[in-house]
Amino acid sequence: MMSPLQAQPSRMVREARLLQALPSEIHTFKLNGWGKAGTGNLCAYFQFRVGDWVFDGVLVYPSLFPDVPAFIRPRHAENRVSRHQFGGDGVLCLEYGPDNWVSTFTGADLVRSAHKLLWSELISYTSPRRLKAPLSRHELNAAQEARFEPYRFVLSTGFQELLRARAAPGLYPLEIHLSSLDGVRVAVPTCIGDVSKMQVAEVPASGWPGACVQAGWLVIAQGEALHSGDLNLQALRAQLGELWPIGARDANLAHEYFIVVHSPTNKLRAFQVDASERLTEYHLLDFSNDKGGRLPDSFRPLADAHVAIVGAGSLGGKIALSMARAGVRRFTLVDEDILGAANLVRNALDWRSVGFNKVDALKRDIELVAPGVMVEATQLNIGAQENPGVMARLYDALTECSLVIDATANPHAFLTLSALCKSAKLPMVWGEVFAGGFGSQMARSRPGLDGDAASIRACIHAYMAQLEPVLGQEAQDARRYAMAVDGQVLVGSDADVSALAASMTQFAIDTLCAGEQSEYPVAAYLMGYRKFWEFKQPFDTIPIDCSTALLTPETVKLLCPEDVRILEGLQSAMEDGPDAAADTAS
């Protein structure tokens, strides 16, 4: 990449002249020379006086200047010269930056801004009545404040609520999950108390991948428990006084433990003590004011819904996780398969789940996404050769659900589920990606609003029979995701499956929440992801009118007197309770 000297020679000559003219405006400014920064960028070394000290700065011109901003930092990056200074290389946050930069701004403008910032901070510090706020746009968000903090403590809404409930001063045992990633350690409190444990709401009690559990103490104090500033272990012990938790209880703690101090007048502070009694304070990540509200009000019925998802593969797994994020708090998952390494190209699970049953791994991930969710995982293959007694119990359980989603793309499973939903008057949603990934189909059946699932599928087949055959379907891969067209193998990707999963999730949510006011006017759709077959362009959608499925009359056969007598006997047997006939025979 060319430097500004090569790409913008006349502009850089102007930059140099503007800096040379600055002493007439900033009398203490001195341009010490030009050079190359460690990053290879052109830079100007300068200084100016601020009160009784000298700011020794570097003006750096990136390779894309003037389309991206130049910036100023101290000559020695580790020097902290301002409260409005980024971590790491110490760049000053000035009036002009990436969010408001235009190419007409110059390096001289940045020097003026730095001069005003440092002087305004000095005046604000020495004479606060004259200038209450420094001239800076510098406002750090939570992520920027934590960027260079390798030790972080999460204050969740649930933990804050428990702190309010434990208002009385004292010591309380504390359980913390500690995770590490790329040199950053994050501590999340999960439980308060020993005998009568209080679980932190909205935080998983278990299942944390790669996390260890550490013990500690929650110290609740009255008034100002701790002075501000850095502390060592001796200072912390002295300030807590009688509330110091370590002593007779030493044997109850491991080599490393936490001390979390809370008082009404101070913000919470969290410390970790290691085996050598070194004290480390954790940076507080305060999420306690995150009250939610990120989901539409129309999703509220999902909290009471019980969703069955049959097929926990690449499609069903994505739908399950998305519906858990949307607010569903009860699931029944059905799949017999085990996750293999080859599944990872499309599955929402990862290598931590390889070798485990898909439903069990998916259950763990759902519980990590939505703590407190109820998930029943069943390792069965609907429509295959299984124990009839076990399958009968599963069918009974499925009839208690609010919605059944078929994500198997298996015709045998579909026939079983459609019959079950028809009998139990349950809504059903199903779909599959076409071989090659060029598109997909999805459909729904709502009792009283759409036809039954089998009738709707018949409408779909009748509609598709009028269309041109799909090229390459005769050479379709056994795994459904691949097919050959003109000597080229087309393979459905994770993006194709994810697109269908997103659409089916919306379809399912609408089925549960909208009732007759559905946003989807028809019961079935063909959706194109590429220009292929009947799809005129990418993202082309073809609605299929399945209204005739609702008009299919039910055939009712009249019973003869002998049939009525037999039926009454069967009903009587059901009313007598289990094993009544066997007891009578014995």
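Residues are numbered from 1 along each chain as its sequence is written, and side-chain values rest on heavy atoms, with hydrogens and water left out. Because the model is predicted, local features were required to have a pLDDT of at least 70 and side-chain atom pairs a pLDDT of 80 or more, whereas totals for chains, interfaces and linings use all residues.

Side chains of opposite charge can pair when their charged atoms come close. A search of the whole structure finds 18 salt bridges, a salt bridge being a side-chain nitrogen of Lys or Arg within 4 Å of a carboxyl oxygen of Asp or Glu. One of them joins the side chains of Arg11 and Glu15, with an N to O distance of 3.0 Å. These two residues are separated by about one helical turn, because they stand four residues apart in helix 2 (residues 9-20); helices (H or I, at least four residues) and strands (E, at least two) are DSSP runs, numbered from the N terminus. Arg11 is buried, with a relative accessibility of 12%, and Glu15 is buried as well, at 0%, where buried means under 20% relative accessible area, exposed over 50%, and partly exposed in between (1.4 Å probe, protein chains only).

A salt bridge is also formed by the side chains of Arg185 and Glu256, at 3.9 Å from N to O. This pair links distant parts of the chain, since Arg185 belongs to strand 7 (residues 184-192) and Glu256 to the loop between helix 6 (233-240) and strand 10 (257-263), 71 residues apart. Arg185 is partly exposed, with a relative accessible area of 24%, and Glu256 is partly exposed at 26%. In a further salt bridge, the side chains of Arg530 and Asp496 meet at 3.1 Å, N to O. Arg530 lies in the loop between strand 21 (524-528) and strand 22 (541-544) and Asp496 in helix 12, so this pair ties together parts that are 34 residues apart in sequence. Arg530 is partly exposed at 34% relative accessibility, while Asp496 is buried at 5%. Salt bridges that share partners also join Arg444, Arg446, Asp450 and Asp510 into one network.

Helix 12 (residues 494-513) also contains Ala501, which is buried, with a relative accessible area of 4%. When residues up to four places away in sequence are not counted, Ala501 touches Leu315, Lys318 and Ile319, contact meaning heavy atoms within 4.5 Å. The C-alpha atoms of Ala501 and Ala407, which are 94 residues apart along the chain, are separated by 9.2 Å.

Helix 2 takes part in a helix pair, in which its axis and that of helix 3 (residues 107-126) come within 8 Å and cross at roughly 35 degrees; axes are lines fitted to C-alpha atoms, for helices over the stretch in contact, and angles run from 0 to 180 degrees between N-to-C directions. The contact is made by Glu15, Leu18 and Leu19 of helix 2 and by Gly107, Ala108 and Val111 of helix 3.

On the surface, Leu559, Val564, Ile566, Leu567 and Leu570 form a nonpolar patch with about 420 Å² of accessible area together. Patches consist of residues with over 30% relative accessible area and no salt bridge, with like charges joined within 9 Å and nonpolar side chains (Val, Leu, Ile, Met, Phe, Trp, Tyr) within 5 Å, and accessible areas come from the Shrake-Rupley method with a 1.4 Å probe, only the protein chains shown counting as cover for residues. Val564 is found in helix 13 (residues 561-575) and is partly exposed at 34% relative accessibility.
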